[in-house]
Amino acid sequence: MTGKTHIMGGVASCTAVAYFYGYDPVFMTASGVLGALIPDICHTKSKIGRKLPILSTLVSSIFGHRTFTHSLLFLLLTAFAAHLYFANQSILVGLMAGMASHLLLDAGTTNGIKLFFPSSIRIRLPLYIKTGGKAEQGVMAALTILSCYFIAVLMA
Ligand SMILES: [Zn+2]
């Protein structure tokens, strides 16, 4: 999926989790958007890859696209590292929810993800779409509507 869709995925997942579990929606969503962009550090042309070109080139050349950074292993390592730096639970949960939303959305694309890296098994949802295609616009619209709904109920 594209960066914009991942951002909306981060917002939708974080506002939903904040609503259901009572976390701070502002901290959660801010860290969730960052979390939703982090896995694509493996892609030099991604939003985060363009901001951190040296790190992105390094990660891309070592692991390739949608492998390590799109795995449960990376999710757990990031959770552990973030736990050392952030005491705020809303930031931690937001970061993880955003990253999890990224993995779920990319698992719904033609190429899927290597969720169990270093295993080479590719995981793809039964329903999948082409990244950047017209169907992705529909996914982004649905995520935007979902985000608006949860923002509205959080403010009520
Ligand atoms: Zn990705």
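Helices H1 (residues 3-21) and H2 (residues 25-37) pack at an angle of about 145°, their axes lying 8 Å apart. Helices here are DSSP runs (H or I, at least four residues), numbered from the N terminus; axes are lines fitted to C-alpha atoms over the stretch in contact, with angles from 0 to 180 degrees between N-to-C directions. The model is predicted: local features need pLDDT of at least 70 and side-chain atom pairs count only at pLDDT 80 or more, while totals for chains, interfaces and linings use all residues. Residues are numbered from 1 along each chain as its sequence is written.

On the H1 side, the residues that meet H2 include Gly3, Ile7, Gly10, Cys14 and Ala18, and on the H2 side the partners include Met28, Gly32 and Ala36 (contact: C-beta atoms, placed from the backbone, within 7 Å). By class, this contact has 10 nonpolar, 9 polar and no charged residues, with Gly counted as polar.

For H2, 13 residues at 1.5 Å a residue should span 18 Å, and the end C-alpha atoms are 18 Å apart, which agrees; the expected span is 1.5 Å times one less than the number of residues. Buried residues of H2 include Phe27, Met28, Gly32 and Leu37 (20 or more other C-beta atoms within 10 Å of the residue's own). The cover over the buried residues of H2 includes H1, H3 (47-51), H6 (89-107) and H7 (134-155).

The unreviewed UniProt entry places "transmembrane region" at residues 68-86 and 138-155; such annotations may be inferred rather than shown by experiment. Residues 68-86 are 74% helix and 0% strand, with end C-alpha atoms 23 Å apart. Residues 138-155 are 100% helix and 0% strand, with end C-alpha atoms 26 Å apart.

Definitions and conventions:
Helices (H or I, at least four residues) and strands (E, at least two) are DSSP runs, numbered from the N terminus. Two residues are in contact if their C-beta atoms, placed from the backbone, lie within 7 Å. A residue is buried if 20 or more other C-beta atoms lie within 10 Å of its own, exposed if 12 or fewer, and partly exposed in between; C-beta atoms are placed from the backbone.
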